[in-house]
Structure formats: C-alpha cells, structure tokens
Amino acid sequence: MIIDQNKIDETIKIIKANGGHGIQKCVQCGACSAICPGVKAGFPLLCRALIKDLLNGLLEENIENSSSWGCQACNRCTEVCPQGVRPQEVVFAFRRYQANELAFSTSAVTSQMNLYETGHAVFTDPKEARRKVGLPEETPTSAFNEAAQQEIRTLMDNSPMGELGLF
Amino acid sequence: MAKVGVYVCHCGSNIAGVIDVSAVRDFAESLPDVVIARKDLFMCSDSGQEMVKQDVRDGLVDRVVVAACTPRTHEPIFRAAIEKAGLNKYLFEMANIRDQASWVHGNDHEGATEKAKLVVASAVGKARHLQPLHDKFVDVTNAALVIGAGIGGISAALELANMGHKTYLVEKEPSIGGIMAQLDKTFPTNDCSACILTPMMVQAFNHPNIETLAYSEVADVDGYIGNFNVKVRQKQTYIDWKKCTGCGDCADKCPSKTPDLFNGSLSDRRAAYIMFPQAVPKKAVVDIEHCLNCAGRTIGTQPKINEKTGKAILAPCERACRAGAIDRSLPLDPGGTIKEIKVGSIVVTTGYQVMDKGWFKEMAPASPNVITALQLERLISATGPTGGKLLRPSDNEKPHTMTFVSCVGSRDVNFHTHCSRFCCMYMIKQARLLKEKYPDLVINMHFIDVRSAGKGYDEYYTGAREMGINFFKGKVGGLEILPGDQLRVLAYDMEAGQSIEYSSDLVILATAVELPPDATALAQKLGLQFCGNDFFRELHPKLGPVETAVAGLFIAGCCQGPKDIPDTVSQAKGAAAAAAVPLAQGRVKIEATISEIDSQKCSGCGICEPLCPYHAISMRDYTDRARGVIERHAVIEMSSCKGCGVCTSACPSAAIKLHGYEDEQIYAQIAALTA
Ligand SMILES: Cc1cc2nc3c(=O)[nH]c(=O)nc-3n(C[C@H](O)[C@H](O)[C@H](O)COP(=O)(O)OP(=O)(O)OC[C@H]3O[C@@H](n4cnc5c(N)ncnc54)[C@H](O)[C@@H]3O)c2cc1C
Ligand code: SF4
Ligand code: SF4
Ligand code: SF4
Ligand code: SF4
C-alpha cells in the first residue's frame with residue numbers, strides 16, 4: 001500500500017460531506033465489529049475495517065464492494081463505540097458516495113425502484129395470500145393508494161435520490 | 001519623580017512574530033516618566049537581564065517595566081534581577097504582551113501592536129506610583145500531615161519521618177495499606193503484595209516520628225504554608241482501641257452480616273470486624289449502620305438484667321471480648337472526636353477507586369461471573385474468600401475458559417477518556433499467575449493494544465505469550481448471559497479481521513481508575529483543583545508534578561493520576577522531599593502584596609470579616625485609654641491573607657490597603673487604558 005496524503009484527505013472530505021463526521025476519531029479498537037451483525041453475516045468491509053480502508057484513502061478501490069449494503073442500521077456500533085465515531089454514519093456516508101457514483105448493488109436498485117413505485121422497499125403482491133386467509137385483498141398501505149404513491153414519488157423526485165436518475 | 005525603564009521582549013517569534021516590537025518600544029519612550037526604552041530578543045536571557053541590571057546600577061532607572069510574557073513564570077526572575085542590582089524588587093511591573101496580545105490576536109498584527117502599547121502604558125502608569133515593599137517571615141510548625149495511607153501515603157510519611165519531622169498519617173479506613181493490601185502478587189516481579197507491604201505498614205505505625213490516625217478524616221483546614229491548623233475527625237470505633245488486642249473474637253460472635261468491601265463484596269463480614277488479617281493497627285471497629293443492637297443493647301443504654309441469674313444481658317460482642325474493650329453502656333458520640341493538629345505542610349495521597357461493573361450495561365453486569373479485576377485479586381489471594389482457589393462466583397466451580405476485557409470505561413468518551421495505565425500490566429499478571437497455577441485453563445485476553453511501558457514490563461508481556469495465554473487485538477463489544485451462567489463473548493480479532501464468538505466461564509473487566517466520590521469534599525477543604533481527567537491537579541504537568549496551586553500542599557500517587565506502585569512510591573518520595581522544604585527552612589516568606597488595615601480609618605463595621613475567602617480577618621476590641629472607650633477594629637492575619645483584594649474593595653471606610661495594588665496605582669492604570 002502506498003500512503004498518498006492527497007487521496008486520504010480527499011476521501012475523508014467526501015465521507016464527512018456525506019455525513020460520516022466522526023471518522024477521524026476512530027482508534028481502531030474493533031468494538032463495533034465485535035457486535036456488528038453484518039460482520040457476523042460475512043460482510044467483511046463494515047465498521048472498523050471500512051473505516052480503516054477509508055482512513056487509508058481507499059475510496060474508489062472499494063466502490064464496488066457490497067459490504068456496506070449489509071449494514072442493518074441497527075446502530076449497535078454507535079452504542080459501543082468508545083470514541084463517539086458513530087460508525088453507522090460512516091457506513092451510510094460511504095453508501096451515499098457509492099449511490100452518487102451509481103455503484104449500487106442490484107438488490108439496492110431493485111428496492112429503490114420498489115419504493116418509488118409502491119412505497120415499499122420490499123414488495124410482493126399480497127392479494128392471492130390475503131384472499132386465501134379471508135382478508136381483504138388490498139392492504140391499507142401506499143401499495144394500493146394512488147394518492148399516497150404520488151406523494152412518495154414527489155418526495156423522492158425532490159430528494160438527492162431523484163437526482164440519480166434511477167426512476 | 002520616578003525614572004521608569006521599559007524593556008520590550010521579542011520572545012523569539014512568540015511576540016515579534018505578531019507585534020511590531022520597535023513600534024511598541026518607540027511608543028513606550030514617549031510615555032511620562034519613561035527615561036529609557038529598550039528591546040531584546042529574549043529579555044529573560046542572561047544578557048537581557050544584565051541590560052536591566054546595568055541601567056539600575058548606573059542609576060538611570062528606579063522603576064522597571066518588562067513587556068514580555070506572563071508574570072506567573074517570569075515575574076520572579078526579573079524581581080530577583082533588579083534586587084541583585086540594588087533596587088527594591090517590588091519596584092517592578094510586568095506587561096504581558098504575549099498572552100494578552102500576540103497569542104490571542106495572532107491574525108491581527110496591527111491590532112495586537114496597538115493593544116500591546118496600551119498594556120505597556122497601563123504598566124508604566126502603575127510603575128510610576130510603585131512603592132518599595134518588604135517581605136515578612138513567619139516561623140514554621142515543624143510537622144507534616146499525610147492524608148491517605150495507601151502505599152503512597154506510607155512511603156511519604158516514612159520519608160518525612162526519617163528526615164526527622166513529626167508526621168501525622170491520617171487514614172479513613174480502620175487499617176492503613178490502601179488498595180495494595182488487597183492485591184495478591186505484584187508485577188513485574190510477582191512478589192507477594194502483603195509480604196512487601198506489611199513490613200512497611202508496621203514500620204510506619206511504629207515509627208517514633210509518625211502518629212497514625214486510622215479511621216479518621218480531615219474535617220477542616222485553615223492556615224497557610226508553614227502553619228496549617230487541621231481538625232481531624234477520629235470516627236467512632238465503638239470499641240476501646242486502647243484495650244482491643246485484635247483477637248477478632250467479637251467478629252466471630254457477631255451475628256450481623258454485610259458484604260465485605262475489602263473482598264470486593266465476594267464474601268460477607270460482620271458488623272464488628274477487623275478489616276483484614278494483616279491490618280495495621282490490628283483493631284476491631286463496629287460498623288454501626290449494620291449493627292443489630294443485639295440484646296437491646298443500643299449504644300449508651302444499660303443492659304437488661306436476667307431475672308433468674310441477676311446478671312446483665314450483654315451483646316455477643318461484649319461477651320466475646322476478653323479484653324473488656326466493648327462496653328455498649330458508654331454514651332459514645334457517633335460523630336467521634338475531633339483532634340486539632342498544627343502542621344507546616346500537607347501531602348495528599350488519597351488514591352483511587354475502580355469503576356463498578358454496573359455502569360457497563362453491554363457487559364452483562366447482572367451475571368455473578370462477570371467481575372472486576374480487583375475482585376479477581378481477592379479471588380486469587382490466599383487471604384481472599386476462596387483461600388486463593390480460582391472458583392467462579394455463581395457455583396464455586398473451577399472455570400475452564402476465562403476472558404479478560406481491557407479498557408472498560410477507560411479511553412472511552414462516555415466515561416473516562418484517559419488510559420488507566422496499569423490495567424494492561426495487572427491483567428497480564430493475573431493471567432500469568434493463573435496459567436502457572438492451572439496450566440489447563442484457557443485464557444483469552446482482549447486488548448485494544450497492550451501498553452507495557454516500563455523496565456522489564458514488555459518482557460513480562462511477551463513472556464506471557466510464550467506461556468500459552470491467547471492475546472487478541474480488538475475491544476470486546478459485549479457479553480450475553482447464556483444458560484448455566486455462561487457468558488457469550490462478542491469479540492473481534494483485528495489482525496485477522498474476523499469477529500470472534502465463544503462461551504466463557506468467567507469474565508474479568510479491567511474497569512477504569514477514577515477518584516472516589518469523597519475526594520470532592522476533601523478538595524474543597526484543602527483548595528485542591530481538578531485536572532481535565534478529574535484527578536487532583538498538579539501545579540505544572542512537567543515541572544511541578546507534586547506541587548499544587550496551594551503553597552505547602554502537595555499530591556502524590558493515584559489521586560494525581562493513575563500510576564502503578566513503583567511510580568506511586570517515586571512520586572510520594574518526591575512529594576515528601578518537597579513538603580520537607582518549608583519544614584527544613586524553619587520559616588516561610590509572606591509576600592508583601594497582601595492587605596493591611598489602617599486602624600485609624602477602620603470604623604469597626606465588620607463588613608470585611610465574612611467576605612474574606614481565607615478567613616484571614618477577625619474583629620478585635622481595643623481599649624483607647626486616652627478616651628476611655630473600647631473600640632472594635634478589623635485585623636488581618638498576614639500569614640492567611642492571599643492578597644485577593646476582596647476586603648479592600650468592600651470596605652466602606654477605605655481603611656484597607658492592598659499593597660502593590662493601591663488605589664492610585666490602579667487609577668493610573670485605568671487612566672492609561674482609557675486615555
Ligand atoms: C486489580 C489491580 C491490580 C493491581 N496490581 C498491581 C501490581 O501488580 N503492581 C503495581 O505496581 N500496581 C498494581 N496496581 C496498582 C496499585 O493498586 C496502585 O498503584 C496503588 O494502590 C496506588 O497507591 P496510592 O497510595 O496512590 O492509592 P491507594 O492504594 O488507593 O491508597 C489510598 C489510601 O487513602 C485512603 N483515603 C482515601 N480518601 C481518603 C480521605 N478522604 N481521607 C483519609 N484517607 C483517605 C484510602 O482509604 C487508601 O487507604 C493494581 C491495581 C488494581 C486495581
Ligand atoms: S449499524 Fe450497520 S455497521 Fe453498525 S453494527 Fe449495525 S449493521 Fe453493523
Ligand atoms: S468502535 Fe469506534 S473507535 Fe472502535 S473501531 Fe469501531 S468506530 Fe473505531
Ligand atoms: S451488638 Fe455487637 S454482636 Fe450484635 S450486631 Fe452489633 S456489633 Fe455485632
Ligand atoms: S485580601 Fe482581604 S479578603 Fe483577600 S485574603 Fe487578604 S484579608 Fe482576606
């Protein structure tokens with residue numbers, strides 16, 4: 001690995017601009033990774049490992065890495081971190097960077113599309129199943145409410161997500 | 001007319017990097033009564049001082065203003081210089097154009113230069129009105145007080161006593177010894193703690209120059225370096241220590257049980273108890289909060305009489321004591337007794353406490369098998385609750401897998417940001433001792449990083465690796481309670497980049513070192529301040545490590561910051577040496593810049609008396625024989641006055657003069673600043 005101060009500075013700037021303000025407080029103690037369900041599930045580049053790579057300036061190099069999408073936003077890392085890093089915010093900042101560069105995982109793109117269309121990130125047609133158990137076919141949610149869907153679309157079109165041109 | 005000399009310092013680039021020193025010098029020259037204005041790269045250097053001295057010797061100047069850095073560090077230097085040249089040292093004034101101008105206005109060179117001119121003008125204004133003053137001296141009480149008798153306090157007291165000074169050693173617990181008395185063995189040589197500590201405890205207790213006041217606390221302090229008046233409250237023991245032989249029979253018979261804090265609450269002790277087997281003094285006390293008042297024997301009441309035998313019905317402790325040291329019919333004052341002592345200097349060595357596991361919700365504090373490292377010391381000590389056998393608290397079974405968790409509450413912005421400094425080493429010590437004794441025991445140690453700075457310390461650590469103790473870099477994230485009182489350890493291996501999860505029988509938390517809560521009250525009594533890490537603050541982090549802001553008051557050991565035994569002893573001996581200085585000198589100087597009351601002007605209103613934060617003012621009656629009346633005046637005890645000026649500004653009769661800060665001097669400063 002080559003230590004390139006410009007790359008390090010640039011990476012930290014981008015992560016902070018995207019909300020990962022605490023990144024430089026990290027002392028690499030590993031407590032976050034000890035309790036992270038994502039790390040346990042086999043996403044290696046989460047919490048402290050992701051922070052370490054970013055502190056080394058490895059931003060573009062990791063752009064296709066899908067570990068960040070394994071974060072459950074459970075925030076246990078934030079709870080145990082002794083330095084007030086708020087690792088989850090760093091993970092999300094990295095995700096925002098990935099999203100801005102359109103480096104989505106397929107699953108992430110699908111869930112964004114679902115959200116835009118139905119108001120649910122994960123959506124399967126429930127009609128069949130509901131009819132079988134004698135429930136009204138349509139759920140009382142945005143999925144079957146055109147006005148609610150319109151509201152959600154307006155919100156998304158006007159958010160940074162709209163600027164990505166996915167929808 | 002005064003002849004003022006002004007000397008402006010560049011302080012390398014500290015001042016000259018921002019301020020136009022030549023402009024300030026030119027300006028100074030134009031001020032009234034200024035006869036000479038010079039500048040130099042470093043005024044405090046030999047050549048800089050020589051320049052001032054020469055001008056004094058040549059009779060050119062009789063008032064000196066140095067425009068430089070802070071009087072806190074440099075005023076004494078320049079005062080000494082002009083004194084050497086033959087001028088009264090109080091004919092000196094410092095203009096702090098570094099802290100007050102160049103440092104705080106680094107981005108505004110012009111503004112800083114203008115401000116520096118004002119600061120100089122103000123100092124010159126005052127200097128024109130300075131009067132010669134003379135220091136006074138008071139005799140010193142040749143005795144010292146050491147508060148807190150852990151290894152730090154014992155070391156300091158022995159040092160002072162061996163120098164020939166009478167030393168009072170005050171300890172709040174029934175025995176001296178401190179936390180070292182609770183330890184099993186000590187790193188890095190593994191010598192038994194009691195074996196090296198007990199002889200020192202005995203030596204201190206028997207020393208002809210040391211008076212040990214155990215089970216005592218400082219109730220009140222007043223006075224000043226050389227002459228402190230201290231009230232020590234000797235807590236009520238409810239047992240006559242003159243008669244108590246330390247046999248422990250009362251404790252054997254006492255039915256009341258309460259957690260034994262000395263054993264980390266891993267076992268119980270009685271209400272009547274001796275603190276630990278090697279206690280010094282070896283005396284029993286009754287912990288009255290937990291006393292059951294057996295046989296209706298509340299303190300100060302006569303015993304009931306057995307109708308059949310006609311004998312008094314005594315409490316078990318009274319009956320057990322063959323020395324007759326327990327007599328519950330005596331009306332003993334629960335407040336204890338106050339002993340007044342006079343000392344010339346004070347050393348504070350009140351030590352530390354470790355954080356309770358209850359603070360750490362993610363570390364399964366509810367499990368009996370999660371204990372602090374200090375509790376483990378008791379668990380492996382031969383005098384501990386298990387006689388030195390490693391048995392886990394939940395079921396008294398021998399653990400197979402055991403876990404050490406470092407930095408619990410230390411290096412953590414939620415608790416203490418400081419490193420507790422000796423935990424890495426004692427955890428390695430405990431692991432080594434256990435691995436030696438139980439080779440089959442699996443020991444997993446989890447560190448953020450191992451801090452083993454010190455002679456022989458790193459070798460101690462690397463040696464532990466060779467003994468088959470497992471080291472993992474990575475802080476433990478949490479513990480979960482599993483069936484069978486097992487603990488699931490959620491850890492991480494930094495080097496491998498993998499999470500670790502396993503079941504452990506016993507988990508040791510190295511909890512943070514902090515001041516005990518009663519340290520705050522003591523600090524208020526003594527005038528001690530706290531540092532950023534909430535330990536007692538030393539005068540200077542590098543050059544005044546044992547001194548404090550209060551003259552004659554010194555600190556050492558863990559109350560100043562976490563440190564191990566070798567460092568505690570070194571610092572304690574250093575503090576003792578510093579505390580011996582005023583005692584050896586026999587008299588202390590009272591700076592002349594203190595307040596004085598003009599009895600002719602004093603109306604005796606008494607407004608000043610309660611205002612003085614140092615209790616230096618008292619009201620006294622005088623008989624004016626000529627007029628045949630009794631008059632009241634305020635008087636200031638000069639050894640207590642610190643020259644704060646509160647009384648001066650409050651006196652409605654303008655009877656109080658603060659030397660060195662007299663009205664006309666201060667008005668001259670204001671006039672210069674507002675010109
Ligand atoms: C688990 C553990 C293991 C350790 N193992 C080692 C080791 O192997 N080797 C090593 O070098 N160090 C070790 N240490 C560190 C060691 O305990 C300290 O260095 C040492 O105890 C510091 O001594 P001290 O005198 O400053 O404080 P303390 O030991 O805390 O003594 C302070 C004394 O002052 C008394 N006191 C407190 N407040 C007052 C008051 N207001 N009035 C009167 N008296 C008061 C207390 O009762 C106590 O007796 C260990 C620490 C722990 C927690
Ligand atoms: S918030 Fe994300 S990174 Fe943090 S512990 Fe949960 S899954 Fe891991
Ligand atoms: S817990 Fe905090 S300090 Fe420790 S590695 Fe994770 S982010 Fe860094
Ligand atoms: S009266 Fe004596 S024996 Fe009874 S509880 Fe109190 S101290 Fe113990
Ligand atoms: S100046 Fe006055 S108020 Fe201040 S310490 Fe001296 S006597 Fe007390």
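**Stop 1**

Ala, Val, Leu, Ile, Met, Phe, Trp, Tyr, Cys and Pro count as nonpolar; Asp, Glu, Lys and Arg count as charged; the others, Gly among them, count as polar.

Some ground rules before moving on. This is a predicted model, in which local features need pLDDT of at least 70, side-chain atom pairs count only at pLDDT 80 or more, and totals for chains, interfaces and linings use all residues. Residues are numbered from 1 along each chain as its sequence is written, chains are lettered from A and ligands numbered from 1 in the order in which they are written, and side-chain values use heavy atoms, with hydrogens and water left out.

**Stop 2: chain A**

Helices here are DSSP runs of H or I with at least four residues, strands are runs of E with at least two, and both are numbered from the N terminus. Chain A has nine helices and zero strands. Its C-alpha trace spans about 60 × 35 × 25 Å along the principal axes.

Colour the chain by domain, with bounds that come from an automatic or database domain assignment. Domain 1 covers 5-100 and domain 2 covers 106-161. The C-alpha centres of these two domains of chain A lie 30 Å apart.

Zoom in on Cys47(A). Its phi is positive, about 45 degrees, although it is not a glycine. Cys47(A) sits in helix H4 (residues 47-55) of chain A.

**Stop 3: the largest cavity**

On a 1 Å grid over the protein atoms alone, a cavity is a set of points where a 1.4 Å probe fits but cannot get out; lining residues have an atom within 4 Å of a point. Points are joined across faces, edges and corners, and the volume is the space filled by probe spheres set on them.

How many cavities of 30 Å³ or more does the whole structure have? The search finds seven. The largest cavity holds about 100 Å³ of space.

Which residues lie nearest the centre of the largest cavity? Cys36(A), Cys47(A), Cys71(A), Cys74(A) and Cys77(A) do, out of 13 lining residues. Helix H3 (37-40) and helix H6 (87-100) of chain A each supply at least two residues of this lining. By class, the lining has nine nonpolar residues, four polar and no charged.

**Stop 4: the domains of chain B**

Switch to chain B. Its assignment gives domain 1 (4-128), domain 2 (143-235 + 342-350 + 524-587), domain 3 (249-334), domain 4 (353-514) and domain 5 (595-659). Show domain 3 and domain 5 of chain B together: their centres, taken over C-alpha atoms, are 53 Å apart.

**Stop 5: a sheet of three strands**

Strands of a sheet pair through backbone hydrogen bonds, either parallel or antiparallel. Two strands count as paired if DSSP finds at least two bridges between them. This open sheet has the order S26-S27-S28, with antiparallel pairing. Strand S26 (478-482) and strand S28 (498-504) of chain B are at the edges; each has a single partner strand, so one side of each is left without a neighbour in the sheet. From one strand to the next, the twist averages 25 degrees, with axes as lines fitted to C-alpha atoms and angles running from 0 to 180 degrees between N-to-C directions.

Five bridges join S26(B) to strand S27 (residues 486-493) of chain B. Find two pairs: Leu479(B) with Val489(B), and Leu482(B) opposite Gln486(B). S26(B) and S27(B) form a hairpin with three residues between them, and Gly484(B) in the turn has a positive phi of about 75 degrees.

**Stop 6: a sheet of five strands**

Next comes an open sheet of chain B in the order S10-S7-S6-S20-S31, with parallel pairing. Strand S10 (210-213) and strand S31 (553-555) of chain B are the edge strands, each pairing on one side only. Strand S20 (residues 345-348) of chain B meets S31(B) through three bridges. One partner pair here is Val348(B) and Ile555(B).

**Stop 7: two cis peptide bonds**

Select Phe187(B) and Pro188(B). The bond between them is cis, with omega near -10 degrees. Pro188(B) is in the loop between strand S8 (185-186) and strand S9 (191-192) of chain B. Finish at Val280(B) and Pro281(B), also joined by a cis peptide bond, with omega about -5 degrees.

Conventions: On a 1 Å grid over the protein atoms alone, a cavity is a set of points where a 1.4 Å probe fits but cannot get out, and a pocket is an open set with protein on both sides within 12 Å along at least five of seven lines; lining residues have an atom within 4 Å of a point.
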